[in-house]
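Here is a short report on one protein chain. Please look through the sequence and the structure before reading on.

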Amino acid sequence: MNTPETKHEPAIGRVVRRKEDDRLLTGHGRYVSDLQLPRMQHVAFLRSPYGHARIRSVDAAGARSASWVRGVFTGDLPEFAEVSLRALSALPSYVETEQPILARGKVRFAGEPVAAVVAGNRYLAEDALERIDVDYEPLPATVTAWLPPEEPVHADAPDNVLLERTFDTGEVPGAMAGAHLVLERELVTNRHAGNPMECRAGVALWDGDRLTFWSGTQVPHIARNMLAELLRLPEGNVRVIAPDVGGGFGTKAVLYPEDVALCVIARRLRGTPVKWVEDRAEHLLAATHARDHRYRVKAGFSADGELIALDAEVTCNVGAYSVYPWTAGIEPLMAGGLLSGPYRLRHYRCTVRGVATNTAPSGPYRGVARPASVFAMETLLDDAAERLGLSSLDIRRRNLITPAEIPYRMPSRLVDDSGWYGECLERAVATIGYDAFRAEQQRRRDAGENPIGLGLACYNELTGLGRAAAAGPRMPFRTGHDACTVRVNPDGRVTVLSGVTSQGQGLETTVAQVVADAVGVSYEDVEVRIGDTNESLWGFGAFSSRQAVIGGGAAHRAGTAVREKILRLAAELYEANVDDLAVAGGEIHVAGERKPLGTLAELARVAYLESNRLPQGIEPGLESTQFYDPIRGAFAAGAQAAVVEVDSSTGELRILKWVCVEDAGTVINPQVVEGQIAGAIAQGLGGARYEHLIYDEAGNLVTGTLMDYLMPTSAEVPDLVIDHLAKPADNPLGVRGVGEGGTLGPNAVLAGALMDALGVRVTHLPLTPAVVWEALR
């Protein structure tokens with residue numbers, strides 16, 4: 001979302017700030033001052049300095065007395081006390097908890113909003129925050145999910161466990177008893193965050209009884225539905241607009257207390273637009289975190305390396321609150337549902353728990369739980385291979401699901417429709433130069449040079465999540481369908497109103513390509529409008545790599561329906577057989593003839609402006625709205641391989657080569673697909689090597705700035721070799737999602753490479769030079 005210092009700032013409709021004029025211009029060509037709207041006001045939040053504390057009192061008199069303050073809001077005010085977030089789930093073990101918009105009674109994590117101030121700019125609002133006096137009574141804080149709490153985070157969950165579920169298939173104890181080799185490992189993954197280039201942001205405006213909310217959200221329709229419910233408004237009175245958003249990664253798929261607070265404040269200041277832009281320190285402190293997991297795993301193997309049984313206990317730190325709407329189950333349930341990955345397995349038992357702590361809430365983040373679960377699974381395979389005298393390559397070949405077994409019902413009851421894991425692995429191994437690597441590895445050992453190692457990871461990624469998601473958190477809605485309207489305008493150009501939303505992944509391009517191909521027009525003649533709940537029918541938004549699969553499916557269906565109507569109309573007007581006609585480049589052709597019968601613009605004029613010429617049975621207009629609602633998602637297959645050098649004197653890892661091969665199904669736009677895979681791998685490398693959110697025992701975030709929370713730059717991301725399979729999925733376009741798969745491999749690849757180079761078993765992430773150096777010693 002653009003800040004007022006850069007381009008534009010919303011007030012009513014589309015709003016533009018001119019460089020030479022500080023007033024705001026609406027989409028109707030009138031200045032806001034001409035409409036007599038107040039100037040934009042800015043919001044700043046007072047945040048708890050404690051991880052856990054009772055609030056004895058909040059004295060805001062000093063802030064309210066400041067002449068520059070437009071409003072001061074605390075959690076005990078009626079308009080805030082009556083609104084709270086409650087993420088719902090039908091899971092029997094789930095403990096429902098309340099998340100206040102502004103803290104009431106006590107604070108549960110450092111950074112939780114306690115009060116809000118409104119002023120003419122952010123600086124004045126923050127000055128006024130210093131005039132608010134909060135009397136806190138500190139309480140014991142819990143920051144580690146697998147330690148018992150001294151003081152529970154929520155009274156309704158005295159052991160801090162917000163949900164628990166056991167996935168159980170086959171006969172694990174008996175199968176384990178008959179195994180040739182049984183391994184037990186405990187693995188801990190590091191807590192980190194999305195950190196998109198643009199932090200969270202929003203502008204709220206009430207016009208009469210109507211709310212407009214400009215938000216950097218990944219889920220505008222879901223946000224509208226929730227805001228209407230929370231604020232007791234007809235849904236048609238709420239409009240959510242997600243303009244160009246600078247990255248999301250799941251962090252912006254949550255409805256936050258700050259979002260709701262902004263709308264409640266705007267209702268109090270009716271007619272005045274209010275704005276909040278999160279700074280980086282707030283983002284690290286209060287936006288959702290992820291990946292703070294512990295895996296206790298036990299696996300049984302046959303003498304030839306077959307995986308016979310897997311018994312696991314997964315504990316996920318879900319933070320202080322169950323995020324809205326995804327619940328505290330989003331990470332643990334995904335971990336348990338997909339832990340076995342692309343490997344054949346009959347005997348599986350996995351108990352997962354979501355445990356509350358006095359840390360920032362955990363939420364969806366690119367590849368939800370899978371980078372951690374892939375790390376656990378691939379580490380077991382590498383360990384077993386060493387114990388059994390096999391190569392890390394051969395043990396994977398022995399256990400991967402094959403195309404002949406598709407559809408394969410995983411032990412969690414999810415149905416895998418890919419099976420091309422072996423081909424992905426073989427391509428990755430061939431591209432990395434496996435045999436040449438082994439020769440160079442031996443030469444270095446003999447010469448006493450820095451060691452090198454090769455790491456492998458195979459994974460399956462459930463994309464385009466359908467209605468039959470057995471591992472989901474059982475929320476009140478199922479994230480199945482999307483809608484799309486395709487309209488040929490009277491001039492022959494095409495307008496697309498799609499329920500998808502973009503955070504920079506090129507969806508406008510992808511959807512335009514799909515519709516242009518389906519209708520039979522040039523790409524340049526298609527305009528895609530997204531991110532506005534008043535323009536398009538329902539779309540669930542951006543998560544689970546679903547938009548090309550489901551949103552693209554709806555766009556394809558709508559475009560195809562419009563083309564069929566075009567051909568019916570053309571057949572009647574040109575007295576031709578409809579089966580002999582085709583639309584290409586906006587022209588109507590008879591098969592085998594170069595000269596067109598006419599243009600789409602000519603047909604559109606008849607459809608809209610000369611309806612007297614329409615044949616009987618053909619209605620005016622050239623438009624269609626279609627839904628796509630899959631039962632199951634489309635699994636994407638992937639394999640990654642890397643050669644890594646270890647500096648024996650410093651513990652620094654240097655990536656010499658990185659290869660990724662994924663089955664993306666039908667590739668709509670190769671550049672978009674490769675960009676998504678490359679970005680995902682870069683983000684996965686950040687989590688594997690650098691990023692770590694650390695709390696002290698009192699619940700204070702120690703890594704609260706980018707001086708302490710290390711993120712990779714382009715210098716730390718190696719050149720990537722990316723290859724594709726193109727095995728079409730069973731959906732209208734044959735596509736499989738690619739937005740998240742790249743994040744799944746780096747943890748496991750680097751851990752496997754370190755074991756291959758040094759024989760060191762990695763148990764904790766991230767793999768910092770200090771960790772490697774200690775292992776070398």
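Helix H9 spans residues 370-388 and holds both Arg387 and Asp383. The two residues are four apart, about one turn of the helix. Their side chains meet in a salt bridge, at 3.6 Å from N to O. The model behind these values is predicted.

Are the two partners buried or exposed? Arg387 counts as partly exposed, because its relative accessibility is 47%. Asp383 is buried, with a relative accessible area of 0%.

Some salt bridges share partners. In this way Arg47, Arg122, Glu126, Arg200, Glu258, Glu278, Asp279 and Glu282 are joined into one network. The count for the protein comes to 53 salt bridges.

One of these pairs is Arg239 with Asp532, whose closest N and O atoms are 2.5 Å apart. The pair links distant parts of the chain, 293 residues apart. Arg239 sits in strand E16 (residues 238-241). Asp532 sits in the loop between strand E27 (526-529) and helix H14 (547-573). Arg239 is partly exposed at 24% relative accessible area, whereas Asp532 is buried at 9%.

Asp304 and Arg398 form another salt bridge, with 3.1 Å between the closest N and O atoms. Asp304 lies in the loop between E19 and E20, and Arg398 lies in helix H10 (residues 392-399), so the pair ties together parts that are 94 residues apart in sequence. Asp304 is partly exposed, at 42% relative accessible area. Arg398 is partly exposed as well, at 29%.

E11 runs antiparallel to strand E21 (residues 347-356), and eight bridges join the two. Within this pairing, Glu164 has Arg353 in E21 as its bridge partner.

Strand E26 (residues 494-498) pairs with E27 in the parallel sense, over four bridges. Val494 stands opposite Val526 in E27. From E26 the chain crosses through helix H13 (residues 507-519) to E27. This β-α-β crossover is right-handed.

## Around Gln547

Gln547 is found in helix H14. Gln547 is buried: its relative accessible area is 7%, and the threshold for buried is under 20%.

Which residues does Gln547 contact, leaving aside neighbours within four places in sequence? They are Val500, Thr501, Gln505, Leu507, Gly541, Ala542 and Gly552. Leu507 also falls within the range of helix H13, residues 507-519.

## The whole chain

The protein has 19 helices and 34 strands. Its C-alpha atoms fill a box of roughly 80 × 80 × 50 Å along the principal axes. A compact globule of 777 residues would have a radius of gyration near 28 Å. The protein has 28 Å, which agrees.

Of the 777 residues, 61% count as buried.

Terms used: Residues numbered from 1 in each chain as written. Predicted model: local features only at pLDDT ≥ 70, side-chain atom pairs only at ≥ 80, totals over all residues. Heavy atoms only, no water. Pairing = 2+ DSSP bridges. Salt bridge = Lys/Arg side-chain N within 4 Å of Asp/Glu carboxyl O. Buried < 20%, exposed > 50% of the residue type's maximum accessible area, 1.4 Å probe, protein only. Right-handed = clockwise from strand over helix to strand, strands pointing away. Contact = heavy atoms within 4.5 Å. Rg over C-alpha atoms; globule rule 2.2 N^0.38 Å.
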